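This report describes selected features of one protein structure. The sequence and the coordinates are shown first.

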Amino acid sequence: MMHIWVLISLTVWNVLNKGYPVDGLSLTAVRIEGHAILGNHSVLECQFDLQGETLYSVKWYKDGNEFFRYLPRDKPPVQVFPMEGIDVDIPRSNETQVALNSLVLASTGRYRCEVSAEAPSFQTVSDHGDMLVVALPTEGPKIRGGRPRYQLGDSVRVNCTSGRSKPPAQLMWFINGEQAERSFLRGPKIESVGNEGLEVTTLGLDFKVEAKHFRRGDLKLKCLATIATIYWNSNEESVEGEKPQRRPGEALEVKETNKSRADRVLSHRPYNIQITI
């Protein structure tokens with residue numbers, strides 16, 4: 001019985017694979033930008049190894065719908081199907097890459113490359129990646145609600161609001177260079193603004209002023225806004241304490257700098273990011 005089972009299994013294997021090895025055609029790399037900047041161009045890459053097979057077609061899909069087809073036997077070999085958010089640069093597109101012009105928010109989605117071999121194997125392989133198109137803020141985060149003067153024991157209640165973006169920025173508060181305790185935070189709150197689908201984030205900071213908060217006579221509050229690995233920007237306010245000989249209970253004066261301490265990063269490649277905070 002064992003010999004019969006092995007014979008049947010081998011027969012089924014040969015029928016299913018038509019006598020050809022399943023490792024004839026393979027994908028070697030599928031590259032899709034994880035985060036791309038609104039208005040920029042992007043190139044989708046699909047590298048494959050035919051391993052003796054003959055190429056029949058390369059097809060690209062977005063969210064399950066075909067928008068690009070390459071058939072080497074056709075003249076011309078490239079065919080593009082209209083789709084919202086997709087603007088194919090045909091001269092720069094071929095069997096191994098698809099170039100997209102002027103990305104819009106609707107370009108966000110899942111992209112899949114599918115490669116098929118000619119007869120007799122008709123083997124097909126595919127893989128995918130997700131792209132998120134980001135609308136960067138045109139301005140840095142704003143700090144609001146600070147009082148002109150504080151005394152020990154006073155409550156600091158301030159809000160930080162990010163610039164309009166898609167997706168909304170993530171915010172973080174720092175007190176004297178250290179991330180604020182979670183119990184000090186209020187929010188975040190995300191709101192849609194305008195008709196473009198952009199959003200802003202507001203994160204509050206609420207704590208009581210203690211002597212430990214004045215290091216070298218200053219209290220520095222900083223709000224940092226980030227989007228993935230392609231955007232970092234911060235704003236800082238500095239509270240100046242009195243000189244050591246000040247009398248107990250004397251007021252502390254606030255100096256609002258509203259000065260950005262980190263440049264906005266527009267590069268979409270994480271290893272190009274340079275941050276000065």
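## Basis of the description

The structure is a predicted model.

## Disulfides

The whole structure contains 2 disulfides. One of them joins Cys46 to Cys113, with an S to S distance of 1.9 Å. This link of Cys46 and Cys113 is left-handed, at -75° about the S-S bond. It connects distant parts of the chain, since Cys46 belongs to strand β3 (residues 42-49) and Cys113 to strand β8 (residues 109-117), 67 residues apart. Both Cys46 and Cys113 are buried.

Another disulfide joins Cys160 to Cys223, and its S to S distance is 1.9 Å. The link of Cys160 and Cys223 is left-handed, with -85° about the S-S bond. Here too distant parts of the chain are linked: Cys160 is in strand β12 (residues 155-161) and Cys223 in strand β17 (residues 218-227), 63 residues apart. Both Cys160 and Cys223 are buried. With bonded cysteines counted along the chain, the disulfides follow the pattern 1-2, 3-4.

## Aromatic pairs

Phe67 and Tyr111 form an edge-to-face pair, with 6.0 Å centre to centre and 90° between the planes. The pair links distant parts of the chain, with Phe67 in strand β5 (residues 65-70) and Tyr111 in strand β8, 44 residues apart. Both Phe67 and Tyr111 are buried.

The ring centres of Phe184 and Phe207 lie 5.5 Å apart and their planes meet at 20°, so this pair is stacked. Because Phe184 lies in the loop between β14 (178-179) and β15 (185-193) and Phe207 in strand β16, the pair ties together parts that are 23 residues apart in sequence. Phe184 counts as buried at 18% relative accessibility, and Phe207 is buried with a relative accessible area of 3%.

## Charged groups over rings

## Strand pairing around β9

Strand β9 (residues 124-134) pairs with strand β2 (residues 35-37) in the parallel sense over 3 bridges. In this pairing, Ala36 stands opposite Val133 in β9.

β8 and β9 pair in the antiparallel sense over 8 bridges. These strands form a hairpin with 6 residues between them, and Phe122 in the turn has a positive phi of about 55°. Arg110 stands opposite Asp130 in β9.

## Salt bridges

The whole structure contains 11 salt bridges. Among them is that of Arg110 with Asp130, whose closest N and O atoms are 2.7 Å apart. This pair links distant parts of the chain, Arg110 being in strand β8 and Asp130 in strand β9, 20 residues apart. Arg110 is partly exposed, with a relative accessible area of 41%, and Asp130 counts as partly exposed at 41% relative accessibility.

Arg112 forms a salt bridge with Glu114, with the closest N and O atoms 3.3 Å apart. Arg112 counts as partly exposed at 26% relative accessibility, whereas Glu114 counts as buried at 16%. A salt bridge is also formed by Arg164 and Glu196, whose closest N and O atoms are 3.5 Å apart. That pair links distant parts of the chain: Arg164 is in the loop between β12 and β13 (170-175) and Glu196 in the loop between β15 and β16, 32 residues apart. Arg164 counts as partly exposed at 40% relative accessibility, and Glu196 counts as partly exposed at 49%.

## Surroundings of Leu205

Leu205 is placed in strand β16 (residues 198-208). Because its relative accessibility is 1%, Leu205 counts as buried. Leu205 and Asn159 are 46 residues apart in sequence, while their C-alpha atoms are 6.2 Å apart in space.

When residues up to four places away in sequence are not counted, Leu205 touches Val156, Arg157, Val158, Trp173, Ile175, Ala180, Phe184, Leu185 and Leu221. Of these, Phe184 is also a member of the stacked pair with Phe207.

Methods:
Residues are numbered from 1 along each chain as its sequence is written. This is a predicted model: local features need pLDDT of at least 70, side-chain atom pairs count only at pLDDT 80 or more; totals for chains, interfaces and linings use all residues. Side-chain values use heavy atoms; hydrogens and water are left out. A disulfide is a pair of cysteine sulfur atoms within 2.5 Å. Helices (H or I, at least four residues) and strands (E, at least two) are DSSP runs, numbered from the N terminus. Buried means under 20% relative accessible area, exposed over 50%, partly exposed in between (1.4 Å probe, protein chains only). Contact means heavy atoms within 4.5 Å. Rings of Phe, Tyr and Trp (its six-membered ring) pair if their centres lie within 6.5 Å; planes under 30 degrees apart count as stacked, over 60 as edge-to-face and the rest as tilted. Two strands pair if DSSP finds at least two bridges between them. A salt bridge is a side-chain nitrogen of Lys or Arg within 4 Å of a carboxyl oxygen of Asp or Glu.
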